[in-house]
Amino acid sequence: MHRLRRPFQIIRADLRAYLLVNVFVYGMLLLGMALGSLFPGLRAARVASFAGGGQGALVDAVVGNGWVFGTVIFLVNVFPTALLLITLPSLVVPFAGLAVFAVKTIDLGITLAPVDATSRLILIPHSLTLLIEFQAYALVMFGAYLLGRSWLRPATVDAPTRRHGYVRGLTRLGWLWLPALALFVVGAVYEAIEIYFLVPLVLGS
């Protein structure tokens with residue numbers, strides 16, 4: 001039970017910061033969507049780049065198998081994104097992962113901008129995917145924020161030195177990874193259901 005309660009205790013202890021991180025995460029996504037809607041040519045270029053790049057090829061390769069597709073979604077969300085873009089940069093430079101992920105999120109928002117009837121319909125079921133997966137990202141981002149704050153201001157975690165503050169911040173980040181991983185699993189399962197069942201339903205195909 002302690003493992004289940006500990007992440008929520010960390011959130012409650014800094015609820016204001018957690019809420020601000022959520023505003024930041026979802027705000028960057030909405031900003032990207034707004035930019036994509038205002039500049040359809042930019043969105044078209046980003047969609048074409050995704051389709052012609054490695055991620056687009058990966059999706060095409062696994063989309064025929066729901067279990068493989070869901071597994072790949074989970075792995076991509078966890079390793080290239082949450083680990084490499086958010087966590088690892090933050091271990092080296094305080095708050096670096098927040099800035100890196102903001103750029104990534106704006107770019108993703110541009111590609112998801114609802115610029116026509118089809119993209120607007122797809123966004124109906126996909127909104128829940130975004131809500132779940134970005135909440136997982138928000139938890140990791142919150143952990144990265146706590147790490148940076150305790151590193152630079154060890155007194156916030158009652159640490160005598162920055163080294164001790166770093167360790168305590170890293171511990172909090174580790175605890176927050178637990179519910180984030182659970183949400184990544186839920187998000188991957190739902191996204192597979194969305195792609196195979198809900199999107200064809202809303203598109204009438």
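A residue is called buried here when its relative accessible area is under 20%, exposed when that area is over 50%, and partly exposed in between. The legends below refer to a predicted model.

Figure 1. Taken along the principal axes, the C-alpha atoms fill a box of roughly 60 × 40 × 30 Å. Buried residues make up 41% of the 205 residues, and of the contacts with a separation of 6 or more, 76% are accounted for by residues 24 or more positions apart.

**Figure 2. Surface and charged side chains.** The accessible surface of the protein comes to about 10,800 Å², and carbon and sulfur atoms account for 72% of that surface. There are 15 positive and 8 negative side chains in the protein, with the centres of the two sets lying 16 Å apart.

Figure 3. P7 lies in helix α1, which spans residues 2–13, and P7 counts as buried because its relative accessibility of 3% falls under the 20% cut-off. Leaving aside residues up to four places away in sequence, P7 touches W175, L176 and P179; helix α8 covers residues 162–203. From P7 to F101 the C-alpha to C-alpha distance is 22 Å, and these two residues are 94 residues apart in sequence.

**Figure 4. T81 and L75 in helix α5.** T81 has its place in helix α5, which comprises residues 66–92, and L75 lies in helix α5 as well. With a relative accessibility of 7%, T81 counts as buried, whereas L75, at 38%, counts as partly exposed. When residues up to four places away in sequence are not counted, T81 touches V76, I86, F101 and Y137. L75 and F134 are 59 residues apart in sequence, and their C-alpha atoms are 15 Å apart in space.

**Figure 5. F95 in the loop between α5 and α6.** The place of F95 is in the loop that connects α5 to α6, the latter being residues 96–111. Although F95 is not a glycine, its phi is positive, at about 70 degrees. The relative accessible area of F95 is 26%, which makes this residue partly exposed.

**Figure 6. D158 in the loop between α7 and α8.** D158 has its place in the loop between α7, residues 117–152, and α8. D158 is exposed, because its relative accessible area of 67% is over the 50% cut-off.

**Figure 7. The kink in helix α8 and the residue that follows the helix.** Helix α8, residues 162–203, contains a kink of about 50 degrees, and this kink is centred on E194. After α8 comes G204, a residue whose phi is positive, near 70 degrees.

Terms used
Residues numbered from 1 in each chain as written. Predicted model: local features only at pLDDT ≥ 70, side-chain atom pairs only at ≥ 80, totals over all residues. Heavy atoms only, no water. Buried < 20%, exposed > 50% of the residue type's maximum accessible area, 1.4 Å probe, protein only. Contact = heavy atoms within 4.5 Å. Areas by Shrake-Rupley, 256 points an atom, 1.4 Å probe, with all protein chains shown as cover. Lys, Arg positive; Asp, Glu negative; His and termini not counted. Charge placed at Lys NZ, Arg CZ, Asp CG, Glu CD. Bend = angle between axes of the 7 residues up to and from the residue. Helix = DSSP H or I, 4+ residues; strand = E, 2+ residues; numbered from the N terminus.
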